Amino acid sequence: MSTQPRLVEVRQNVLKQNDLLARSLRARFQEAGVFVVSLVSSPGAGKTTILEKMLTRLQYEGVRVAALVGDLATENDAARLSRSEAPVRQITTGTVCHLDAEMVQRSLVDWEIEQLDCLFIENVGNLVCPSSYDLGEDLRLVLLSVTEGEDKPLKYPTIFNTADVAVLTKMDLAAAVEFDLDQARANVQRVRPGMPLFEVSAKTGAGMDEFMTFLAARSTKLLIAHG
Ligand SMILES: Nc1nc2c(ncn2[C@@H]2O[C@H](COP(=O)(O)OP(=O)(O)O)[C@@H](O)[C@H]2O)c(=O)[nH]1
Ligand SMILES: [Mg+2]
């Protein structure tokens, strides 16, 4: 006899549990007045690099920011993000390919999130698993680097469908890898019509102003930054 129905049932229960917890996290974030933004992408698309720039910039502008960062192993990304001088915590997931609401809740236990304006959550690099797990965030960013190719939205539609905003990263490398920008834009719109799309290079800073202005427009918590 197949065990498939039982497996499906267990998986559905896990996801339901996560949804319930994410809902209570979202309520807690709202009550604390903290705007929560998560970042998802494949490994190496540039989440940590852009996040370090964002944290540095927002801190400089007087916004109280912090970050949680998920990886299977190492504290490397937390060390990189700490250079911004914002409070940062690493979540190491072992073999788990995504963050879940419980991991987020656990790592915030002794954190006074009321003291924050904005919390960023960098998910484990993966274009599949994170799409099923709500983390209670207000805004989910999906990053796609030009070196991955313009077809990724078509191959991984679910992650684009669960995100609110797409960010094309490493634009400074676009010409070198003959990235077809029009095709990429069309592919994003095909899987998610109307999805806002930003084209940035965290390395050169190109496109960062526009992107940060968009973020600031999404929350009064970030308005301090843009007056
Ligand atoms: N040329 C270029 N390289 C970048 C850019 N952003 C990130 N990288 C590089 O891409 C690699 C992976 O970046 P990282 O931020 O660690 O990606 P993550 O795994 O998504 O967190 C690193 O070597 C970065 O230096 C960018 O805008 N331009
Ligand atoms: Mg990273």
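I began with cysteine 97, which is partly exposed at a relative accessible area of 26%. The classes I used are buried for under 20% relative accessible area, exposed for over 50%, and partly exposed in between, with a 1.4 Å probe and protein chains only.

**Ground rules.** The model is predicted, so I noted that local features need pLDDT of at least 70 and side-chain atom pairs pLDDT 80 or more, while totals for chains, interfaces and linings use all residues. Residues are numbered from 1 along each chain as its sequence is written, chains are lettered from A and ligands numbered from 1 in the order in which they are written, and side-chain values use heavy atoms, without hydrogens and water.

**Disulfide.** I searched the whole structure for disulfides (a pair of cysteine sulfur atoms within 2.5 Å) and found one. The disulfide joins cysteine 97 to cysteine 129, with S to S at 2.4 Å. The torsion about the S-S bond of cysteine 97 and cysteine 129 is about -100 degrees, so I logged the disulfide as left-handed. I then placed the two ends: cysteine 97 sits in the loop between strand 3 and helix 4 (101–107), and cysteine 129 in the loop between strand 4 and strand 5 (139–145), 32 residues apart. Helices (H or I, at least four residues) and strands (E, at least two) are DSSP runs, numbered from the N terminus. I also looked up cysteine 118, which is buried at 0% relative accessibility.

I traced an open sheet of seven strands in the order 3-2-4-1-5-6-7, with parallel pairing. Strand 3 (88–92) and strand 7 (197–199) are at the edges with a single partner strand each, so one side of each has no neighbour in the sheet. From one strand to the next the twist averages 20 degrees; axes are lines fitted to C-alpha atoms, for helices over the stretch in contact, and angles run from 0 to 180 degrees between N-to-C directions. For pairing I required at least two bridges found by DSSP between two strands. Strand 1 (residues 35–40) and strand 4 (residues 118–122) run parallel and are joined by five bridges. Leucine 39 has glutamate 122 of strand 4 as its bridge partner.

Threonine 48 is in helix 2 (residues 47–60) and glutamate 122 in strand 4, so the pair ties together parts 74 residues apart in sequence. I checked burial here too: threonine 48 and glutamate 122 are both buried.

**Salt bridges.** I counted 15 salt bridges in the whole structure, each a side-chain nitrogen of Lys or Arg within 4 Å of a carboxyl oxygen of Asp or Glu.

- Glutamate 9 pairs with arginine 6, with the closest N and O atoms 3.9 Å apart. The two are three residues apart in helix 1 (residues 4–32), and about one helical turn separates them. Glutamate 9 is partly exposed at 41%, while arginine 6 is exposed at 54%.
- Aspartate 151 pairs with lysine 152 at 2.8 Å between the closest N and O atoms, and with lysine 155 at 3.1 Å, N to O. Aspartate 151 is partly exposed at 26%, lysine 152 is buried at 15%, and lysine 155 is exposed at 54%.
- Arg26, Asp134, Glu137 and Arg140 are linked in a salt-bridge network.

**Core.** Next I looked up the largest nonpolar core, where a core is a set of buried Ala, Val, Leu, Ile, Met, Phe, Trp, Tyr and Cys residues joined through side-chain atoms within 4.5 Å. Of its 33 residues, Ile50, Phe120 and Phe211 touch the most other members. Elements that each supply at least two residues include strand 2 (65–71), helix 3 (76–82), strand 6 (165–169) and helix 8 (208–218). Helix 8 gives the largest share, six residues.

**Positive phi.** Most residues other than glycine have a negative phi. Threonine 74, not a glycine, has a positive phi of about 80 degrees; I found it in the loop between strand 2 and helix 3, partly exposed at 41%. Glutamate 178, also not a glycine, has a positive phi of about 50 degrees. Glutamate 178 lies in the loop between strand 6 and helix 7 (181–191) and is exposed at 70%.
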